[in-house]
Amino acid sequence: MRRAFLWWAIPLLLFLLGGAAMAVLMPPYENPDELRHFNYAVYWGAKLERNHSLAHRARLTSRQEQFQTPLYYLSLAPAVWLTGYRGPLDFPKVHQEFRCIPAPPGQTVHRRYLPLKGASQLAAARTMYAMRATSLLWGLAAVLLGMALFWELSRGEGALTLAAGALWALNPRWLETCASVSNDVAATALAALALWALARTLRSERPPTLARAALLGALCALAAYSKMNAAALAGVVAGALFFGGRAYGLSWGRCLALASIAAGCTLALLAPWLIRNHLQFGDALLLNRDLWKPFVATRAVTMYPWDFFREEFGGFRWSYYAVYGQFALLMHSVAYRVLDTLLVISGVLGLVFWIRMVWCATDMRERLVQSLAPAWLLLAFAAFLSYNSGVYASQGRLIFPAGWAIAYLQAGGLLLPFPRRWQSAAAWLLLLLMLGWDYYILRDVIWQAFRYLPA
């Protein structure tokens, strides 16, 4: 019991410490789109308080974030109320020398905004830090639910849970996201909750019921209300229930009913938001790139997957782990060579690990459980490619809702070469390596880049 407690508690504690350090070191609004997310949260807080003037101004300055589903921003409304923020929306000016030129610390101007000045800017910053604290709690929930998934998928294998938890909780780019105002953290937490419930359902002694299918569909809708790309979860749930039902010996009609109930419940709960989008923007799914043109850079020509892998995959994989601030702060070049080596090794071994787990599974239901990680990862990546095909958006954080799947497959692959009796030691070593990486990022990258304030 003591060892199991350490396997769970240590990654969670280190995550909180790393996230808190990141929140303090990163200057206000320097995380990607944080200013827009802040304004959209103020919009919902003001709207609930019926402060129509502030709500209107906040919505206009939210820009592309006004397309986001509202759950995460509603959770930030108490931060607006408790700090007493009532505007005005007064924010620091952009540094005239800032250019988004990715480089290691000291080689360019990394800070986009000038230091805070005046009481109104400081008041906004206090509210922003309160929102960051709320995001960190969402991140803690995401890490906890991710570790519950690791524990469930590995059937209580402590070493694998610890190794995956270290790769997941201590990813420095994930720490930065959790320490900023960003709806990615809420989507990640709720996606993990839905998939944990699905894994438990597939391993239950009794076949899934229609009520259980409806509950899983509702969890998918809840995740989508935090960020719309999580709606793809319904596809994983529906498929798993259909084939899982067959593994329980249910009829084809019953299996189809389970899948239909799950997908239908997701769609029914999302219908009010989709109708709102259609009435307000003329596009229920907001796929029309003309809607995005006033706010973000859109592509003149559609980017197909083969073009993405040829032109942008390098920056995408780096930004999943190690691109910071306004996409202008990099690690030192040797660190990316080490990172790429790790990704190749862990990627190949992770695929071998998954094949081995499926091959050794005792029945169809266990194969489905072990396939949840790659299935959700592929669907989340496909949703990203669809969005990125029309908008310049090659940001690794956009697949954080499937980040636990990446960590689980990587951890399983990295532990695979070790004999069972050595795997616990290997997992602890991996945690120490991740901790050392975070220390390097905090001290030699972020602190070095932002300690000198622009004039």
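A crossing of two helices is right-handed if the near helix is turned clockwise from the far one by less than a right angle. The views below show a predicted model.

**View 1. Packing of helix α5 against helix α18 in the predicted model.** Helix α5 (residues 118-153) and helix α18 (residues 403-415) pack at an angle of about 45°, and their axes are 10 Å apart. This angle makes α5 oblique to α18. The crossing of the two helices is right-handed. From α5, Gly146, Leu149, Phe150 and Leu153 meet Trp404, Ala407 and Tyr408 of α18. The residues of this contact comprise 6 nonpolar and 1 polar, with no charged residues.

**View 2. Packing of helix α4 against helix α5.** Helix α4 spans residues 71-82, and its axis is 9 Å apart from that of α5, at an angle of about 135°. The arrangement makes α4 oblique to α5. In passing α5, α4 forms a right-handed crossing. The α4 side of the contact consists of Tyr72, Ser75, Leu76, Ala79 and Val80, which meet Thr127, Ala130, Met131, Thr134, Ser135 and Trp138 in α5. By class, this contact of α4 with α5 holds 7 nonpolar residues, 4 polar residues and no charged ones.

**View 3. The cis peptide bond between glycine 87 and proline 88.** The peptide bond that joins glycine 87 and proline 88 is cis, with omega about 0°. Proline 88 lies in the loop between α4 and α5.

**View 4. Aromatic pairing of phenylalanine 309 and phenylalanine 313.** The structure contains 37 aromatic pairs. In the pair formed by phenylalanine 309 and phenylalanine 313, the ring centres are 5.2 Å apart and the planes stand at 50°, so the pair is tilted. Phenylalanine 309 has a relative accessible area of 44% and is therefore partly exposed. Phenylalanine 313, with a relative accessible area of 27%, is likewise partly exposed.

**View 5. An aromatic cluster.** One aromatic cluster is formed by Trp168, Trp174, Tyr320, Tyr321, Phe400 and Trp437.

**View 6. Positive phi at aspartate 33 and leucine 286.** Aspartate 33, a residue other than glycine, has a positive phi near 60°. Aspartate 33 is placed in the loop between α1 (2-25) and α2 (34-48). Its relative accessibility is 26%, so aspartate 33 counts as partly exposed. Leucine 286 is not a glycine, yet its phi is positive, at about 55°. The loop between α11 (252-281) and α12 (289-292) contains leucine 286. Leucine 286 counts as buried because its relative accessibility is 9%, and buried means under 20%.

How values were computed:
Residues numbered from 1 in each chain as written. Predicted model: local features only at pLDDT ≥ 70, side-chain atom pairs only at ≥ 80, totals over all residues. Heavy atoms only, no water. Axes fitted to C-alpha atoms, helices over the stretch in contact; angles between N-to-C directions. Helix = DSSP H or I, 4+ residues; strand = E, 2+ residues; numbered from the N terminus. Parallel < 35°, antiparallel > 145°, perpendicular 65-115°, else oblique. Contact = heavy atoms within 4.5 Å. Nonpolar A, V, L, I, M, F, W, Y, C, P; charged D, E, K, R; others polar. Phe/Tyr/Trp six-rings, centres within 6.5 Å; stacked < 30°, edge-to-face > 60°. Buried < 20%, exposed > 50% of the residue type's maximum accessible area, 1.4 Å probe, protein only.
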